[in-house]
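This report describes a two-part topic: how the chains meet, and which side-chain pairs can be picked out by distance. Please read it alongside the model.

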Amino acid sequence: MSTLVRNMVDDSGTDEEIPLPNVKTAILSKVIDYCKYHKDSPPEEIQKPLKSTNLVECGVSEWDNEYVNIEQEVLFELILAANYLDIKSLLDLTCAKVASMIKGKNTEEIRKQFNIVNDFTPEE
Amino acid sequence: MRRLQRGHPMGVYPLGNALFDEAATRRRSEGLGDFQRLGDERVLQLLRSLDAKALGRCSAASSMLRGFTASEELWQVLGMALLLKAGEGRAGKSRDGLKGGHQLHWGGNSWREAYICSMGSTPAQGKMARVYSDVLYRSFYYAATELDPAWLATENLERVSNLSTQDFLERFEERSCPVIVSGCVKHWPALSRWSEESLVRRFGEIPFAAGPVDFPLKLFYSYAHQNMDDVPMFIFDKYFATRAPELLDDYEVPSIFRGRDLFNFLGDEKRPDFRWLLIGNKRSGSKWHLDPNKTCAWNAVVRGRKRWLLLPPGCPPPGVHPSKDGAEVTQPVSLLEWFSNFYDELKRHVDLNPAWDLKEGTCGPGDLVFIPSGWWHCVLNLDDDTIAVTQNYASETHVSSVRRFLSEHRDQVSGTAERDTLAERFDEALTRHRPDLLFASDKVQKPEATAAPAQNFSFWDHLRSTGKSLCFETPEEPLSKKQRMSETG
């Protein structure tokens, strides 16, 4: 499921250690949970743009929805890990989760949620 | 276009410029907040899941987010969704039950402005704070970059003014040799009848295919004259014979090709797509590709000019990487990006390799280009309102390759709904009409290039050829930020 790992295995075989310096243990363990679950059942494509803040209504399975019901900090780490390991479906899911957290909020709420500073001058 | 030369309308600049703006780092980290650590590509990916309202609310959050949410690719998707909905409405199959709904009007100079206008609002104007991002700047750069005259200078595509079918077969089709024939379409009424003004008058409300969507012709031209796309859309419509049948009266298949399409034996309903109307403005065009089903093709320019580059079978240019089975081709997003980054390298390679028979030429009104089966080619429209018609045909000369392709690459057969059975149906049709061809081998005299150029192109050679120096950061001595910046230039 991880294109990075697959390419490394293709290049060096399965006896070599695969270095993953950019992924913390806890996050890697969570990624493995995802991969194990989806090993034989690839998830559905998530429709864009999201039509609801409830991911299940956007085609995400209950399991996947619960899987990303985590702290924002961990969620962002997952995005980075999925990107680094090149696991498209996990990247899509985690990004959709963050998008669902943006959707439905007004501008001030968005700023608050993601620690964004309003830097517009009055005329802008 | 000139508008783009004054700089990005939303104040986006390449990342390196941040070095000269003291407030840039703080503005980026404060303006992106938690999103900063994801990197620009991921932030854009997040935004792709948002609808227009959510994008609008994000754009008001900070100047960085305004720069990101202004990204044309986001609004192009939303605009194209409006076109798709309009298409469904016309076909009487509106899915969501939304009554009416908004139509896309081309107000303004970009997908973003057009979408906002179509919703009845006015796009924000005025002075914008600077946003530094290579990711955001890239597509703008290729939308604005000028065409280098060096790309258009060589003319080594052979030109003939007119010739008999026999001559054409012996000199070109059977030698797998591209050629420009300048005399065989000059009698077409299309040459005087087809232009934006007259086509819009006759067919302005009729939708024509441009990629995945249909554009009413008048709307298409409005878009074509005012956009910021690095990959400008163009009309490439295989249905024009049913949508605007009067167009068929304005041209005819040139005599050297008439009656020689073996797929004709399959009957109109069951044969692969074979004719397209092409309309595009300057800078639009087709990236490097092979034509489907091992067919040959002719492409006649009726108005404007097209720049052609062609390479023999088995010789994809640098920057273009077909997958092992040939089903997918990886190459830069826009053709101009390919030209900017790989044209010079191709020329250097051609100088060293005689097998790389690169053909370059410009076609004007009345010129027809012949593309032999299996040749790589790309096309760039040089003028606004460049109009052409093109047809593909399964030639007797290449019948064996066609049959083999249909049989061995069924998943790559294109232009027909029943791709799995095309091989058998074609053989059946040949059995009935031309059984001699079932035992024919290709008549092509010149052997196909036997080099495996995909392997000739090592990434290392490419790196060396670009003449750039590379530095690698070691853990003990991280490069200063300034040094790192200079390598990405």
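The sections below cover the basis of the values, the interface, the salt bridges and the cysteines.

## Basis

This is a predicted model, in which local features need pLDDT of at least 70 and side-chain atom pairs count only at pLDDT 80 or more, while totals for chains, interfaces and linings use all residues. Residues are numbered from 1 along each chain as its sequence is written, chains are lettered from A and ligands numbered from 1 in the order in which they are written, and side-chain values use heavy atoms, with hydrogens and water left out.

## Interface between chains A and B

In chain A, 32 residues are in contact with 30 residues of chain B, contact being heavy atoms within 4.5 Å. The size of an interface is often given as the accessible area lost when the parts come together. Here the area buried between chain A and chain B is about 2,700 Å², and carbon and sulfur atoms give 61% of it; buried area is the accessible area (1.4 Å probe) that two parts lose on being put together, summed over both. On the chain A side, the residues that lose the most area to chain B are A:Phe76, A:Asp119 and A:Phe120, together 19% of what that side buries.

Between the two chains there are 14 residue pairs in polar contact, both residues at pLDDT 80 or more. A polar contact is a pair of N or O atoms within 3.5 Å; within protein, one must be able to donate a hydrogen and the other to accept it, and residues adjacent in sequence count only if both atoms are side-chain atoms. Helices H4 (72-85), H5 (88-102) and H6 (107-114) of chain A are the elements that give two or more residues to the side touching chain B, helices being DSSP runs (H or I, at least four residues) and strands likewise (E, at least two), numbered from the N terminus. The largest share, seven residues, comes from H4(A).

## Salt bridges

A salt bridge is a side-chain nitrogen of Lys or Arg within 4 Å of a carboxyl oxygen of Asp or Glu. A:Lys103 forms a salt bridge with B:Asp51, with the closest N and O atoms 2.9 Å apart. A network of salt bridges links A:Lys24, A:Glu73, A:Glu77 and B:Arg37.

Within chain B, B:Asp40 and B:Arg28 meet in a salt bridge at 3.0 Å, N to O. B:Asp40 lies in helix H3 (residues 40-47) and B:Arg28 in helix H2 (residues 24-32), so the pair ties together parts twelve residues apart in sequence. B:Asp40 is buried at 12% relative accessible area, and B:Arg28 is buried at 16%; buried means under 20%, exposed over 50%, and partly exposed in between (1.4 Å probe, protein chains only). B:Asp250 and B:Arg193 form a salt bridge at 2.3 Å, N to O, and this pair is 57 residues apart. B:Asp250 is buried at 0%, whereas B:Arg193 is partly exposed at 41%.

## Cysteines

The structure holds zero disulfides over all chains, a disulfide being a pair of cysteine sulfur atoms within 2.5 Å. For B:Cys184, the nearest cysteine sulfur is that of B:Cys363, 11 Å away. B:Cys184 is buried at 8% relative accessibility. The sulfur of B:Cys315 is 14 Å from the closest cysteine sulfur, in B:Cys177, too far for a bond. B:Cys315 is buried at 0% relative accessibility.
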